[in-house]
Amino acid sequence: MTRKMDSTKRYEKLREAVGNGDVDRRTFFGLLGSAGITAGLSGGIMTAMAKQARAAGVELHFEGWGGVVSEALRKHAFDPYEAATGNKVIDATFGGENEVLTKLKAAGSTSGHNILHSSGVSWYKRWVDNDFHVVLNEDNIPNLKNVMTAMIEPFRAITPDGLSAVPYDYGTTGIAYNTNHVSKEKAMELGADLLLDKELKGKIGGWGGDWANRAWYGALQSGQDPNDIQDWDAVWDKAREHRELVLKYWGSGAELMDLLAKEEIWVTEAWSGRVAALQAQGHPIAYMDPPNGLAWMESMFVLKGSPLAEAEELLNFMLDPETAIAVAVGQKYPSSLDPTKVEMPEEVQNLPAFDPTGKLEALVFRNPETWNPHEKKQGAMWNRVQKGG
Amino acid sequence: MAETATPIDKRPLVLLTPAFIAITALVVIPMSFILVYSFYENIDLAVDRVAFQFGNWEMLLSDNYYHSAIWKTLRISVVVTVLAAVLGYLPAYFIAMTTFRHKWLLLLLLILPFWVSFIIRTLSWIHILGNQGALNGLFQWLGLSDEPLRMMFNEFSVMVGLIHVFLPYMILNIYVSLEGIDRNLEPAARTLGATPWQAFREVTLPLSLPGLAAGSLLVFVLTGGSYVTPLILGGPSDFLFGNLIYDAVVTELNWPMGATLSFTLLVLLGSVVILYSRFMGLNQLSKAFG
């Protein structure tokens, strides 16, 4: 018959055995010593390696959007940069910049956060307003001269004394649809209203993470100029109408791609580059920008407290035409480099939202002057509408 | 008659001091900060003003949005707890009563899922219940349905995900309680004329109640505080109170409101623990843990 023995009993028994001399004390301490030496040796090696690593270069912490975007940056920008300089880029994925801001506020420091793949001019303004910005020495970033003036100007208007970020890419949030279930004709005919098509109930998705995105489409669907919304109730009524048809609000680019690829949803607003990545994988997904569709630009934002010289070196490396084009092809978003100054390969020219003029006049961006004042109230409103309120 | 002074035994005090310090530093003080923060005023996104005002608490008490979220959270927590108890008792009973020599292997299998990330375990349900998931593939292969059945992104999938994650806590608690029962009691009941079912119902089940109750308390509290599972597996209507806290703190950058909601959740779940203590006694927890 086996007897149940708990840990306490086992310990008591062992102690008794040691006391009785049944367990060789030398063996016992020998084993204990071996364990200690193993831990000590490995600890020592790790310490030596850490010292070596610190001596080898500076660590830069980068946070971005994950998925194909992170893969492209790692492969075409960070790995070559590390090989060329000996510095190290530690990249991580965030769910959105509000997550980072929450962390920084909670920690009371920017330690462990250096460069963000920041979304839009609105967030640039928020980082500046919260005093998390730096003044970059543009002389250390000579490749900045190749960036489109149309992309630099909005940032410089906020910080005329010097940029805290370099514009890096741009894209649109249009509508993706599965061509096996939705015809091109129907998509073109309905435009933004395709997201409100009752025949597609339970097969429609939406981005849940950004109130302004939902409001932009609500404005289009209620016949308003998104940069001059007068009737917010009408906007949220359209969002409620959309909600009744939605299977799932997605929260990240990876989730968006998964839902579309697995045909859980057939129609959703979507980020142009992510759809291009799905198309490249052979999925039957088409993409359209409805009239007045939402365009956005992203920057590489350097946070206060970062090692500036190394950060500037990395930004310059990332803006090098060879690197920037390789990243653009990888992440499927056009580069911020001016195509009238830097020749773009066909692969980049064929990307959604690509503007060959370098002036971006055909794209409609969110105006921070008209959007930011509404963010506190309408952002909270969207969270309620999303949950049935 | 001369009174003899009883020497005070200081050992409990000495032994409890580290735990007391840890709980004060890691729970009481942070929660006090959260309570204080709930009286601050959020002026703009991520901008708060130090104040002593009740605006956040007024909103919480007067707004039906929060009340419905509390109700939904309690409802889902109760359903998940009951289902976990029913589903967990059987494997716990089997592990406790089996004469299999390597019982440790069964316990190891039980805790094996903990070695896989909670997020990965939750995401795995998309590949089981999704339109192109294993179950729909099986149903269509068997000819039971032509179109994929909608099993994902609803309350059902959220509950499945929550039960999946928390079931081991229930099983382990019940198992420990069952292990402590004298094996002779059931045969004794049988010799007195009880049927196997009666012997289980009258002897084993009541004696295992401390473990069942401890497991239920854990599952209820853990479910009540969840927010990731509804985010991943739920549809637009499937959210818990924790999701409102996430919204307030992370997306609205309104920490005072987030603090108010967090403290409310603490009070609600704390009340459940107090009720448990009132009716079951917290000492039952220690019995359940052996």
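Which residues does Asp197(A) touch, not counting residues up to four places away in sequence? In this predicted model, Asp197(A) is found in the loop of chain A that runs between helix 7 (184-190) and strand 5 (204-207). Leaving out residues up to four places away in sequence, Asp197(A) touches Lys186(A), Leu190(A), Ile204(A) and Leu245(A). With a relative accessible area of 11%, Asp197(A) falls under the 20% limit and therefore counts as buried.

The relative accessibility of Glu269(A) is 0%, and so Glu269(A) counts as buried. From Glu269(A) the reader can step across to Tyr287(A), which stands 18 residues away in sequence, while the distance from C-alpha to C-alpha is 9.1 Å.

Tyr287(A) belongs to strand 8 of chain A, residues 285-288, a strand that is covered on both faces. In a regular strand, side chains alternate between the two faces of the sheet. On one side of strand 8 of chain A are Ile285(A) and Tyr287(A), on the other are Ala286(A) and Met288(A), and all of these residues are buried. Strand 8 of chain A is joined by four bridges to strand 4 of chain A (residues 165-178), and the two strands run antiparallel.

Helix 11 of chain A, made of residues 272-280, is mostly covered, with seven of its nine residues buried. The buried residues of helix 11 of chain A are Ser272(A), Gly273(A), Arg274(A), Val275(A), Ala276(A), Ala277(A) and Leu278(A). What covers them includes strand 4, strand 7 (267-271) and strand 8 of chain A, together with helix 3 (67-85), helix 10 (253-261) and helix 13 (321-331) of that chain. Just after helix 11 of chain A comes Gly282(A), which takes a positive phi of about 95°.

The next step leads from chain A to chain B. In the interface, 31 residues of chain A are in contact with 39 residues of chain B, and the two chains bury about 2,700 Å² between them, 54% of it on carbon and sulfur atoms. Of the area that chain A buries against chain B, Lys376(A), Arg384(A) and Lys387(A) supply 24%, which is more than any other three residues.

Chain B itself contains 13 helices and two strands, and 43% of its 290 residues count as buried. Among the contacts in chain B with a separation of 6 or more, 68% are made by residues 24 or more positions apart.

The last stop is a space inside the structure. Rolling a probe the size of a water molecule over the atoms shows where empty space is left. The structure holds one cavity of 30 Å³ or more, and the largest cavity contains about 40 Å³ of space. Its lining is made up of Ile70(B), Thr73(B), Leu74(B), Gly224(B), Phe241(B), Leu265(B), Leu268(B) and Leu269(B). Helix 3 (64-97) and helix 12 (255-279) of chain B each supply at least two residues of this lining. Sorted by class, the lining of the largest cavity has six nonpolar and two polar residues, and no charged residues.

Notes. Residues are numbered from 1 along each chain as its sequence is written. Chains are lettered from A and ligands numbered from 1 in the order in which they are written. This is a predicted model: local features need pLDDT of at least 70, side-chain atom pairs count only at pLDDT 80 or more; totals for chains, interfaces and linings use all residues. Side-chain values use heavy atoms; hydrogens and water are left out. On a 1 Å grid over the protein atoms alone, a cavity is a set of points where a 1.4 Å probe fits but cannot get out, and a pocket is an open set with protein on both sides within 12 Å along at least five of seven lines; lining residues have an atom within 4 Å of a point. Grid points are joined across faces, edges and corners, and a volume is the space filled by probe spheres set on the points. Ala, Val, Leu, Ile, Met, Phe, Trp, Tyr, Cys and Pro count as nonpolar, Asp, Glu, Lys and Arg as charged, and the others, Gly among them, as polar. Buried means under 20% relative accessible area, exposed over 50%, partly exposed in between (1.4 Å probe, protein chains only). Two strands pair if DSSP finds at least two bridges between them. Contact means heavy atoms within 4.5 Å. Buried area is the accessible area (1.4 Å probe) that two parts lose on being put together, summed over both.
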